[in-house]
Amino acid sequence: MGVKHGRDYSEILVELTGAVGRIADGYIFFEMESEEWANLPEESKQEVWEALAEDLFYALGNEPVIQVGSGVVMYDKETHRINILLGDEDLASVVLV
């Protein structure tokens with residue numbers, strides 16, 4: 001089902017892709033080793049981040065907090081945002097409306 005949104009999905013996807021791409025060890029979500037990740041071409045890495053962003057968008061509708069590597073992706077229904085955190089640091093927020 002995904003999260004409720006009022007903005008264009010493609011715009012949200014671009015922002016969410018960039019945000020999850022900032023999680024340095026996000027490749028762990030795909031059970032990849034750092035060496036495997038390092039050997040991927042940049043274009044392939046971008047495709048992986050986009051696939052992850054799409055999966056997260058839909059999964060957050062059912063599971064509002066998802067661990068991605070050392071980061072956490074959270075859906076905040078109150079503020080209509082997806083927040084990406086790394087420890088106590090707020091890496092990014094994606095506005096949904």
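Modeller: Two rings of Phe, Tyr or Trp count as a pair if their centres lie within 6.5 Å. The model discussed here is predicted.

Biologist: What kind of pair do the rings of Tyr9 and Phe57 make?

Modeller: The structure holds six aromatic pairs. In the pair of Tyr9 and Phe57, the ring centres are 5.0 Å apart and the planes stand at 70°. Planes over 60 degrees apart meet the cut-off, so this pair is edge-to-face.

Biologist: How many residues apart in sequence are the parts that the pair of Tyr9 and Phe57 ties together?

Modeller: Tyr9 belongs to helix α1, whereas Phe57 belongs to helix α3. The pair therefore links parts whose separation in sequence is 48 residues.

Biologist: What angle lies between the planes of the aromatic pair Tyr27 and Trp37?

Modeller: The rings of Tyr27 and Trp37 are 5.9 Å apart, centre to centre. The pair is stacked, and the angle between its planes is 20°.

Biologist: In which helix does Trp37 lie?

Modeller: Tyr27 lies in the loop between α1 and α2, and the pair ties together parts that are ten residues apart in sequence. Both residues are buried, with relative accessible areas of 13% for Tyr27 and 9% for Trp37. The helix that holds Trp37 is α2.

Biologist: Which strands stand at the edges of the sheet, each with a single partner strand?

Modeller: The sheet is open and has four strands in the order β1-β2-β3-β4, with antiparallel pairing. Each edge strand has a single partner, so one of its sides is left without a neighbour in the sheet. Neighbouring strands are turned by 20° against each other on average, direction ignored. The edge strands are β1 (65-68) and β4 (89-95).

Biologist: Which residue in β3 is the bridge partner of Tyr75?

Modeller: Strands β2 (residues 71-76) and β3 (residues 81-86) run antiparallel and are joined by six bridges. In one of the bridges to β3, Gly71 is the partner of Leu86. Tyr75 has as its partner in β3 the residue Ile82.

Biologist: Which residue in β4 is the bridge partner of Ile82?

Modeller: β3 and β4 also run antiparallel, and six bridges join them. Within β4, the bridge partner of Ile82 is Val94.

Biologist: Which residue in the turn between β3 and β4 has a positive phi?

Modeller: In the hairpin of β2 and β3, four residues lie between the strands, and His80 in the turn has a positive phi of about 55°. In the hairpin of β3 and β4, two residues lie between the strands. There the residue with a positive phi, of about 65°, is Gly87.

Biologist: Which strands does helix α3 touch?

Modeller: Helix α1 (residues 9-20) lies across β2, β3 and β4, running at about 170° to β4. Helix α3 (residues 42-59) packs on the sheet, and its direction makes about 155° with that of β1. The strands touched by helix α3 are β1, β2 and β3.

Biologist: Which side chain of opposite charge is nearest to Asp25?

Modeller: Asp25 lies in the loop between α1 and α2. Leaving aside neighbours within four places in sequence, Asp25 is in contact with Gly69 and Ser70. Asp25 is buried yet has no salt bridge. At 12 Å, the nearest side chain of opposite charge is that of Arg22.

Biologist: What is the relative accessibility of Val95?

Modeller: Val95 is placed in strand β4. Not counting residues up to four places away in sequence, Val95 touches Arg7, Ile12, Glu15, His80 and Arg81. Arg7, in the segment before α1, counts as buried at 18% relative accessibility. Val95 counts as partly exposed, with a relative accessibility of 27%.

Notes:
Residues numbered from 1 in each chain as written. Predicted model: local features only at pLDDT ≥ 70, side-chain atom pairs only at ≥ 80, totals over all residues. Heavy atoms only, no water. Pairing = 2+ DSSP bridges. Axes fitted to C-alpha atoms, helices over the stretch in contact; angles between N-to-C directions. Contact = heavy atoms within 4.5 Å. Phe/Tyr/Trp six-rings, centres within 6.5 Å; stacked < 30°, edge-to-face > 60°. Buried < 20%, exposed > 50% of the residue type's maximum accessible area, 1.4 Å probe, protein only. Lys, Arg positive; Asp, Glu negative; His and termini not counted. Salt bridge = Lys/Arg side-chain N within 4 Å of Asp/Glu carboxyl O.
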